[in-house]
Amino acid sequence: MKETKLKVNQIRKAFPNLPTLQNISLELSESQFVSVLGPSGCGKSTLFSIIAGLASPDAGEVLIDGQSVTGRPGRVSFMHQKDLLLPWKSILDNAALPLFLQGVSTGEARERAQQYFHLFGLAGFENYYPAQLSGGMRQRAALLRTFLFSKDILLLDEPFGGLDAMTRQSMQHWLMEVVQELKASVLLITHDVDEAIWLSDRVYVLSRRPAVVKKVVEIPLKRPRQMNLFTDATYIALKETILDCFQREV
Ligand SMILES: Nc1ncnc2c1ncn2[C@@H]1O[C@H](COP(=O)(O)OP(=O)(O)O)[C@@H](O)[C@H]1O
Ligand SMILES: [Mg+2]
């Protein structure tokens, strides 16, 4: 039985005159990949800010390794749809930023970040600047930086939302392989049903705002997953189950 890394317990959050999260509970175990699928505006990014400790819920708690971290940042790292790389710094220094911030010396930080460049498909681009890279490469650099912030829990908020369909698909494929290699626990926010199924061990389907968990769907598809999975009967059945619940919310 894998250990529970992250537990979100009955979170509620309202903005003035805007009930946003009504009651959200979810769990993420060690080395697991879990997605939160919900319609636009239902409160997914709000939930992420709460999990990251950047906002406080009105009720409920966030536990990491069994300890409450509600309203306290620093324990998980998270990545937005926009890559937020520093345009005046090389890709290597952008990736190594979390290590610089931790006080690691420049030489050592660069060396440690560089070790991951091959896995992240960035080898040879260490000294390029963000503007010289494709959208997919920038997202991979941002993901590497996120990973170096906190190696065990990654929160990804629609990380591929700004990419074109082809790049998005190859990034989803790549991400599936890389998280397996890194053994990270990942919570992904998305409104893309295929992305959620393809990558996840479990999918939480949220309702419209004020959001509740409408359905929890386990994804028992074997890994590594291949592209022909999209025509697999189990895959199609899972997609129907999720769509049946999700389409009523969009
Ligand atoms: N800081 C805030 N103050 C007031 N309203 C907010 C704030 N952040 C988000 N909202 C509102 O809460 C709702 C959910 O937003 P968000 O969490 O960004 O949704 P999602 O990420 O699912 O698209 C939206 O209606 C948004 O306008
Ligand atoms: Mg959002």
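The model is predicted: local features need pLDDT of at least 70, side-chain atom pairs count only at pLDDT 80 or more, and totals for chains, interfaces and linings use all residues. Residues are numbered from 1 along each chain as its sequence is written, chains are lettered from A and ligands numbered from 1 in the order in which they are written, and side-chain values use heavy atoms, with hydrogens and water left out. The protein chain contains seven helices and ten strands, where helices (H or I, at least four residues) and strands (E, at least two) are DSSP runs numbered from the N terminus.

**Overall fold**

- The radius of gyration of the protein chain is 18 Å, which agrees with the value near 18 Å for a compact globule of 250 residues. This radius is taken over C-alpha atoms, and the globule rule is 2.2 Å times the number of residues to the power 0.38.
- Along the principal axes, the C-alpha atoms of the protein chain fill a box of roughly 50 × 45 × 35 Å.
- Of the 250 residues, 50% count as buried. Buried means under 20% relative accessible area, exposed over 50%, and partly exposed in between (1.4 Å probe, protein chains only).
- The protein chain exposes about 11,700 Å², of which carbon and sulfur atoms supply 50%. Accessible areas come from the Shrake-Rupley method with a 1.4 Å probe, and for residues only the protein chains shown count as cover.
- Among contacts in the protein chain with a separation of 6 or more, 68% join residues 24 or more positions apart; contact means heavy atoms within 4.5 Å.

**Ligand 1 and its shell**

- The residues surrounding ligand 1 are F15, L18, T20, P39, S40, G41, C42, G43, K44, S45, T46 and R209. A residue is near a molecule or strand if one of its heavy atoms lies within 4 Å of it.
- This shell divides into four nonpolar, six polar and two charged residues. Ala, Val, Leu, Ile, Met, Phe, Trp, Tyr, Cys and Pro count as nonpolar, Asp, Glu, Lys and Arg as charged, and the others, Gly among them, as polar.
- Oxygen atoms of ligand 1 lie 2.7 Å from a polar backbone atom of G41, 2.8 Å from a backbone N or O atom of K44, and 2.6 Å from an N or O atom in the side chain of T46. A polar contact is a pair of N or O atoms within 3.5 Å; within protein, one must be able to donate a hydrogen and the other to accept it, and residues adjacent in sequence count only if both atoms are side-chain atoms.
- Taken alone, ligand 1 exposes 560 Å², and the protein buries 56% of that.
- The elements giving two or more residues to the shell are β2 (18-29) and α1 (44-51). The largest share, three residues, comes from α1.

- Helix α1 is mostly covered, with six of its eight residues buried. These are K44, T46, L47, F48, I50 and I51.
- Just after α1, G53 takes a positive phi of about 85°.
- Helix α2 (residues 91-101) is largely enclosed by the rest of the structure, because nine of its eleven residues are buried. The buried residues are I91, L92, D93, N94, A95, A96, L97, P98 and L99.
- The buried residues of α2 pack against α3 (106-114) and α4 (135-149).
- After α2 comes G103, whose phi is positive, near 90°.

**Individual buried residues**

- M79 lies in strand β6 (residues 77-79) and is buried, with a relative accessible area of 3%.
- Leaving aside neighbours within four places in sequence, M79 is in contact with Q139, A142, L143, T146, L155, L156, D157 and P159. The C-alpha atoms of M79 and T146 are separated by 6.3 Å, although the two residues are 67 residues apart along the chain.
- R202 belongs to strand β9 (residues 202-206) and counts as buried at 11% relative accessibility.
- A polar atom of the R202 side chain lies 2.7 Å from the backbone oxygen of E27. Beyond neighbours within four places in sequence, the contacts of R202 include E27, Q32, F33 and V34.
- R168, in helix α5 (residues 165-182), counts as buried at 15% relative accessibility. Not counting residues up to four places away in sequence, R168 touches F160, G161, L163, T190, D192 and E195.
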